[in-house]
Amino acid sequence: MKKCHIAYLACTAALLGTGLGAAPPVAGHTVHLVLPGESIQKAVDAAEPGDTVLLTFGVYHESVTLSTPGLTLRGMGRHTVLEPAAVTGKAAGAAKAASTGKASGAAAGACAADGNGICVVGTKDHRVKDVTVAALTVSGFTRTGVHATATDHLTVRNVTAVKNGVWGIAQEGSVRGVFRGNTARDNGDAGLFLANSVKEEQGATDTDGTVVERNRLEGNRIGVTVRRLRNLTVAHNDLTGNCAAVFVVGDENKPKAGLVTVRENRIVRNNKSCPKTARLDALQGSGIVLTGAEDSLITRNLIEDNVGTSPLSGGIVLFKSFVGTTSDRNRISDNALRGNSPADLVVTDIAGKGNTFEGNACRTSRPAGLC
């Protein structure tokens, strides 16, 4: 690992050589340069708030945990690749913790043991702030490429998450996240997964304006899942080849999920077939699905040729949640829909109240009369 201060010419040259077009770190902070075969975690452990850990081109067989506020972990584009270590599981985690003798080493071991590539970890009482993960690929992890818990203003940009076992990029218990310009492809569940909590039953939480924009999501079970959250925007994303493109999910807990804006996305041919699971029916041909959500806005999306025979198939679908919670007071407006089957607009949640459909360019609906 090479460590240099940003004032040094060599360090500036290294940053300019990334070709990322991003501003260099703030003067006075340190860039920790890591080469393939060197330990990323060692550089992360040595970093102070505001520093950058810069990974050069190549393949790194490692899981990494970040918990330092203001830290940036950046590669040099999609050819900077993180893959699982040859030895995985609890034994590997224990070995890494023992070799470092540090709490962060134990955390990195836990990240690997849980099947994740990069973990950004705060606590319920102290969210980790202003961490950035950028310009690299995470591939082949048994659970998640990038997994964040208890963060404030996490930025994940220009990350490629490919063929991870569950989620490509995931965040829970966090606020003010920014997920921009990423590619999530062929992951086992959602390409991008955002939730209040995976393990605890509780009402929807306010994300304080989390943004998911300009991402490419393809070949996943679901492109984007927003689960039990409020106050979030999903915009200008390109979703194709998934079993379902966008899910906004709520349940019986209070407050309900909602206040989600889904706008100006391109949602085309999400016709991959995925089998039924314990929590969800079989999926195929689903564009945007609202289930158990309220007060959300679905507007100015292009939704074409999403075709399937699942109960959740269709261009835009309002579906009563599997625990019977209705979708209420959602506004579906000014979307362009065509070629979706069984219909462009589908409402199976007949008990839902106050949902409106206006200004949509579409041909078919169930029930009739919504276009």
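The questions below concern salt bridges and one histidine in this predicted model.

Visitor: How many salt bridges does the count come to?
Guide: A pair qualifies if a side-chain nitrogen of Lys or Arg lies within 4 Å of a carboxyl oxygen of Asp or Glu. By this rule, the number of salt bridges is 14.

Visitor: With which residue does Asp152 form a salt bridge?
Guide: The closest N and O atoms of the pair are 2.7 Å apart, which falls within the 4 Å that the definition requires. The partner of Asp152 is Arg176.

Visitor: How many residues apart in sequence are the parts that this pair ties together?
Guide: Asp152 belongs to strand S12, residues 151–152. Arg176 is in the loop between strand S14 (167–172) and strand S15 (178–180). The pair therefore ties together parts whose separation in sequence is 24 residues.

Visitor: Is Asp152 buried or exposed?
Guide: The relative accessibility of Asp152 is 11%. Buried means under 20%. Asp152 therefore counts as buried, whereas Arg176, at 36%, is partly exposed.

Visitor: Which strands hold Arg180 and Glu213?
Guide: The side chains of Arg180 and Glu213 meet in a salt bridge, at 2.5 Å from N to O. This pair ties together parts that are 33 residues apart in sequence, because Arg180 lies in strand S15 and Glu213 in strand S18.

Visitor: Which term describes the accessibility of Glu213?
Guide: Arg180 is partly exposed, at 39% relative accessibility. Glu213 has a relative accessible area of 16%, and the limit for a buried residue is under 20%. Glu213 is therefore buried.

Visitor: What is the relative accessibility of Arg263?
Guide: Arg263 forms a salt bridge with Glu264, the closest N and O atoms being 2.7 Å apart. Glu264 is partly exposed, at 29%. Arg263 also counts as partly exposed, and its relative accessibility is 25%.

Visitor: With which residues is His147 in contact, leaving aside its neighbours within four places in sequence?
Guide: His147 is found in strand S11, residues 144–149. With a relative accessible area of 11%, His147 is buried. Beyond those sequence neighbours, its contacts are Asn116, Ile118, Cys119, Val120, Trp167, Ala170 and Glu172.

Note on methods
Residues are numbered from 1 along each chain as its sequence is written. This is a predicted model: local features need pLDDT of at least 70, side-chain atom pairs count only at pLDDT 80 or more; totals for chains, interfaces and linings use all residues. Side-chain values use heavy atoms; hydrogens and water are left out. Helices (H or I, at least four residues) and strands (E, at least two) are DSSP runs, numbered from the N terminus. Buried means under 20% relative accessible area, exposed over 50%, partly exposed in between (1.4 Å probe, protein chains only). Contact means heavy atoms within 4.5 Å.
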